[in-house]
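Hi everyone, thanks for coming. Please take a moment to look at the picture on the screen, and then I'll walk you through a few places in it.

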Amino acid sequence: CLDGSELSRVDTVIITGGRYSQKSFAVGSFTCVAAKDFVHRVLYTRYTLTSAADSIIPEFNEKIQILNCHQSFEVTKDRIIGSYNDSKIVFKGIKTSSGNQTANLKSLKGFSMFVLEEAEEMPSFDNWDKIRKSIRALDVRNLNILILNPTTKTHWIYTEFFEDKGVNEGFNGIVDNVLYIHTT
């Protein structure tokens, strides 16, 4: 059981699990509620995202309908804007057809939450860290969420967040500032 003091130091959440373990469903529902009720501004990314309109936006529309909060949001082709507050969920790919665009993403302002779907696609810690450091809202807690299928032991996520911290695969709990959630 976690107490509030443990949760208050968390700024990074690592969610691992198999293909059908509902990781994305849970985070999608969470970010809708965080935007609607707590005025979060969410940068929702994937390393390779060809079209949010064909992939992530329909999934979020489903969450909005399930949560019965369609009046709270205005949906466009690449973002969801709060109808009654300053919340937003913006969808961006990190890698463009011409290469990597992390330089463009690190200049983003006003976001309080950074979600990286399929985090195992991100090639390096430095690429992730550049974007993570631009999440610095002052009015709500800043949070970085990595959603991934289990990685190989040579991947930077495993090295940085599991091996270097002495965390076993499948662990659920908090170590330092990281909350680990393993789904099945």
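Let's start with S72, whose contacts (heavy atoms within 4.5 Å) include K36, I81, G82, S83 and Y84, once neighbours within four places in sequence are left aside. S72 belongs to the loop between α3 and β3 (73–75); helices here are DSSP runs of H or I with at least four residues, strands are runs of E with at least two, and both are numbered from the N terminus. Is S72 buried or exposed? It is buried, with a relative accessible area of 13%, because buried means under 20%, while exposed means over 50% and partly exposed lies in between, using a 1.4 Å probe and protein chains only.

A quick word on where this comes from: it is a predicted model, where local features need pLDDT of at least 70 and side-chain atom pairs count only at pLDDT 80 or more, while totals for chains, interfaces and linings use all residues. Residues are numbered from 1 along each chain as its sequence is written, and side-chain values use heavy atoms, with hydrogens and water left out.

Now for the rings. How many aromatic pairs does the structure hold? There are eleven, and a pair means that ring centres of Phe, Tyr or Trp (its six-membered ring) lie within 6.5 Å, with planes under 30 degrees apart called stacked, over 60 edge-to-face, and the rest tilted. One of them is F60 with F91, edge-to-face, at 5.1 Å centre to centre and 65° between the planes. This pair links distant parts of the chain, since F60 is in helix α3 (residues 56–66) and F91 is in strand β5 (residues 88–96), 31 residues apart. Both F60 and F91 are buried.

F171 and Y180 also make an edge-to-face pair, with 5.8 Å between centres and 65° between planes. Here F171 is partly exposed, at a relative accessible area of 30%, whereas Y180 is buried, at 2%.

There is a cluster too: F125, W128, W156 and F161 form one aromatic cluster. Two of those names come back in helix α6 (residues 156–163), whose buried residues are W156, I157, Y158, F161 and F162. What do these buried residues pack against? They pack against β1 (12–17), α5 (125–132), β8 (143–148) and β10 (178–183).
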